Amino acid sequence: MVRIPDMDDFFSRRCVWVNGPIIVGAGPSGLAVGACLKEQGVPFVILERSDCIASLWQKRTYDRLKLHLPKQFCQLPKMPFPAHYPEYPTRNQFIEYLENYAKHFDINPRYNQTVQSARYDETSGLWRVRTVGSGCDAGNRNAEVEYIGRWLVVATGENAEQVMPDLDGLGEFSGPVSHVSEYKSGETYSGKKVLVVGCGNSGMEVCLDLCDNDAFPSMVVRDSVHVLPREVLGKSTFELAVFFMKWLPLWMVDKIMLILAWLVLGNLEKLGIKRPSMGPLELKNVSGRTPVLDYGALSKIRSGDIKVVPGVKRFWSKKVELVDGRFVDIDAVVLATGYRSNVPQWLQETDFFTKDGFPKGGFPNNNWKGKSGLYAVGFTRKGLSGASSDAVRVSQDIAKGWKEETKQTRLGACHRRCFSQF
């Protein structure tokens, strides 16, 4: 008897027809797309691997985290932050805002649905997204589903997976090693010597939090980095940059930002922090590297409470060897080494994304639309404001196509029978 693999899938997996877009990810990007589609009457389904919305914010952020930009640059479409929120909302306030956002627009993601694969079926002209149960649904065969629809929106974002660098000897280190996604508070490190690997916004803020909890942090600064004051004379540095960009070329705005940074922060090379040759805005556009916005860490570096050290050569049982030959005794390691996209792990047969999981074309291009009904939201390296503008464009484009197809009253061909419909 001949066995047909596709027929095995037919009987082992539930099949769901989605009369609208399939959105992967229930973070701010996915919620923003959902809200915009709701306003236009377009049905959709959001698939989320975790058991809550915005799992990065709820489960992988530290307690003292605040939005680094003023709230007007971080709000999602159709709903501003509450007026009583401070200019820089806290982590808990932002989570509350997102939960109220989902409730206001009646957005109900399908939780514990990990996308294994998504591919475009040329025969039917439809996207087929295969999921398995995760979390409380892990191992439940009834949670294995294939969603089929005309449009696919990738909203998993730039920070889906933690980056764990391959550091020589790290496995031999006897103390605790954690990624910044697991870090909650410096209380557990009180009195300890902590090596923080990474000098971005997270690395700087973790060092500051460690100081506030009587720990002794050393921060690894391997590469050059732009550090800007969060505010200049009471005005957000980002807000000033946005204002200047309306009237001046990018290179000139970069010059202004660097002059302001020098006037407010002084010469950082004396502290072991070198600036890149490229300006902060140009560097952001070219490589996606975000400038660090300082609001206290530099003063701790000047006082010696935070020590700046060069790159790591090798770890030993209770110490680390630096590239300059020095040995430093440490009790714990926190890897503030960032995150990456996970799109290449599950999105198949498309040339829209690079091997790094970002839309092709480079920055600052807003590549939010691919072929065959494929869209991307939250990959512009422009934070929440970029995700919001992407969401508006994507929802308008999908709504136009959905309404045209609805007028034709044709569901489209599906070569596999669907057991349910969304």
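I looked up the largest cavity and found a volume of about 70 Å³. My cavity rule, on a 1 Å grid over the protein atoms alone, is a set of points where a 1.4 Å probe fits but cannot get out, and lining residues have an atom within 4 Å of a point. Grid points are joined across faces, edges and corners, and the volume is the space filled by probe spheres set on the points. The count came to one cavity of 30 Å³ or more.

**Ground rules.** I am working on a predicted model, where local features need pLDDT of at least 70 and side-chain atom pairs count only at pLDDT 80 or more, while totals for chains, interfaces and linings use all residues. Residues are numbered from 1 along each chain as its sequence is written, and side-chain values use heavy atoms, with hydrogens and water left out.

**Lining.** I noted His68, Asn201, Met204, Glu205, Leu208, Val292, Leu293, Asp294, Tyr295 and Ala297 around the largest cavity. Helix H5 (201-212) and strand S13 (292-294) are the elements that give two or more residues to this lining. H5 gives the most, with four residues. Helices (H or I, at least four residues) and strands (E, at least two) are DSSP runs, numbered from the N terminus. By class I get six nonpolar, two polar and two charged lining residues. For classes, Ala, Val, Leu, Ile, Met, Phe, Trp, Tyr, Cys and Pro count as nonpolar, Asp, Glu, Lys and Arg as charged, and the others, Gly among them, as polar.

**H2 with H4.** I looked up helix H2 (residues 28-39) and helix H4 (residues 91-104), which pack at an angle of about 30° with axes 10 Å apart. Axes are lines fitted to C-alpha atoms, for helices over the stretch in contact, and angles run from 0 to 180 degrees between N-to-C directions. H2 and H4 are therefore roughly parallel to each other (angles under 35 degrees). Pro28, Leu31, Ala32 and Ala35 of H2 make the contact with Phe94, Leu98, Tyr101 and Ala102 of H4 (heavy atoms within 4.5 Å). I sorted this contact of H2 with H4 into eight nonpolar, no polar and no charged residues.

**H2 with H10.** H2 also packs with helix H10 (residues 383-407), at about 35° with axes 8 Å apart. Pro28, Ser29, Ala32, Val33, Cys36 and Leu37 in H2 meet Leu384, Ala387, Ala391, Val392, Ser395 and Ile398 in H10. I class these as 10 nonpolar, two polar and no charged.

Technical notes
Angles under 35 degrees count as roughly parallel, over 145 as roughly antiparallel, 65 to 115 as roughly perpendicular and the rest as oblique. On a 1 Å grid over the protein atoms alone, a cavity is a set of points where a 1.4 Å probe fits but cannot get out, and a pocket is an open set with protein on both sides within 12 Å along at least five of seven lines; lining residues have an atom within 4 Å of a point.
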